[in-house]
Amino acid sequence: MQHGPAVRRRKLGAELRALRSSAGLTSGEAARLVGWHQSKVSRIETGTSGVKPADVRLLLDAYGVTDAQLRELLMMLAGAEDSDGRHHWWHAYRGVLPPTYRDFISLESQAGAMRTLETTVVPGLLQTPEYARAVTRAAVEGLPEDRLDTLVEVRLARQDVLRADPPLELSAVLDEAVLRREVGGPGVMARQLERLVEAARLPQVRLQVLPFAAGAHIGVTGPFVIFSFSSTSDLDVVVLDHLTSSLYLERKEDLQAYTEAFNALQIHALSPEDSLDFIAGTAAGA
């Protein structure tokens, strides 16, 4: 947790506080149950200090939490290994990936649903290897070839969430510019558009195209991602990517604003069926 974004500490702490309250315990009573000082419980609940997975397990046991899915999610937020005792796959890239990217991957792997607006490039979860290489090379100039290989490998490994059981439910609104911008050359772009057509037919993927004809729209301010968690909506978060960092928005009013914005974008975008035809038509003319 010490390497995670503050939003994860605060959300984990807020959920633990809610569970303690539901159990009818004060922070002092909870502390006595697990043999801690009351101040440690308070620091964890306010997100001012990190918490070890073992400590989260103690608190969940003390609060009588038996929901296996919720327990696993909270343990993962604390940096726990998976249910088989193995580190999550992205831990192997700690020396290559910046903390903000690892945190994004962690949230992506834990979320039940992801809603995203993309205005410039194809979402990472739907990129072909060649497209991912071209985008990464353009985004980071002078990248050594071995480092480029690793980043593309990570991008492709992230796509396993769409094949998990249950899979991540992905809803994406793509500005028409995403389809028109030639990345990596005509051949790479043609294969990428074909990949989007394949993805659009998956039951866990909902793709919609926002055509140029829609004019100005609320998404002109930039792309964003909304992660939703099936166990509790209190952990939902909006992520905004910048050149050198990521911004995590957790306030209910921020979540509501971005949710309403995404809903509005879906209304103005082509239907999934028409979007599939639009992408296929663009691919045919590429």
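The following conversation concerns a predicted model of a protein.

Me: What is the mean pLDDT of the protein?
Reply: The mean pLDDT is 87, and 91% of the residues reach 70 or more.

Me: Where does pLDDT stay under 50?
Reply: That applies to residues 82-86. For this stretch the model has three contacts beyond four places in sequence. Where pLDDT is low, the predicted coordinates should not be read in detail.

Me: Turning to the helices, at what angle do α2 and α3 cross?
Reply: Helix α2 covers residues 27-34 and helix α3 covers residues 38-46. Their axes cross at roughly 110 degrees and come within 8 Å of each other. Angles of 65 to 115 degrees count as roughly perpendicular, so α2 and α3 are roughly perpendicular to each other.

Me: Is that crossing left-handed or right-handed?
Reply: The crossing of α2 and α3 is right-handed.

Me: Which residues make the contact?
Reply: From α2, the residues are S27, G28 and A31. From α3, they are Q38, V41 and S42.

Me: And how many of those are nonpolar, polar or charged?
Reply: The contact of α2 with α3 has two nonpolar residues, four polar residues and no charged residues.

Me: Is S171 buried or exposed, and why?
Reply: S171 has a relative accessible area of 17%. Buried means under 20%, so S171 is buried.

Me: Which residues is S171 in contact with, leaving aside neighbours within four places in sequence?
Reply: S171 is in contact with M114, R115 and T116, and also with R206, F262 and Q266.

Terms used
Residues are numbered from 1 along each chain as its sequence is written. This is a predicted model: local features need pLDDT of at least 70, side-chain atom pairs count only at pLDDT 80 or more; totals for chains, interfaces and linings use all residues. Side-chain values use heavy atoms; hydrogens and water are left out. Axes are lines fitted to C-alpha atoms, for helices over the stretch in contact, and angles run from 0 to 180 degrees between N-to-C directions. Helices (H or I, at least four residues) and strands (E, at least two) are DSSP runs, numbered from the N terminus. Angles under 35 degrees count as roughly parallel, over 145 as roughly antiparallel, 65 to 115 as roughly perpendicular and the rest as oblique. A crossing is left-handed if the near helix is turned anticlockwise from the far one by less than a right angle, and right-handed if clockwise. Contact means heavy atoms within 4.5 Å. Ala, Val, Leu, Ile, Met, Phe, Trp, Tyr, Cys and Pro count as nonpolar, Asp, Glu, Lys and Arg as charged, and the others, Gly among them, as polar. pLDDT is the predictor's confidence in each residue, from 0 to 100. Buried means under 20% relative accessible area, exposed over 50%, partly exposed in between (1.4 Å probe, protein chains only).
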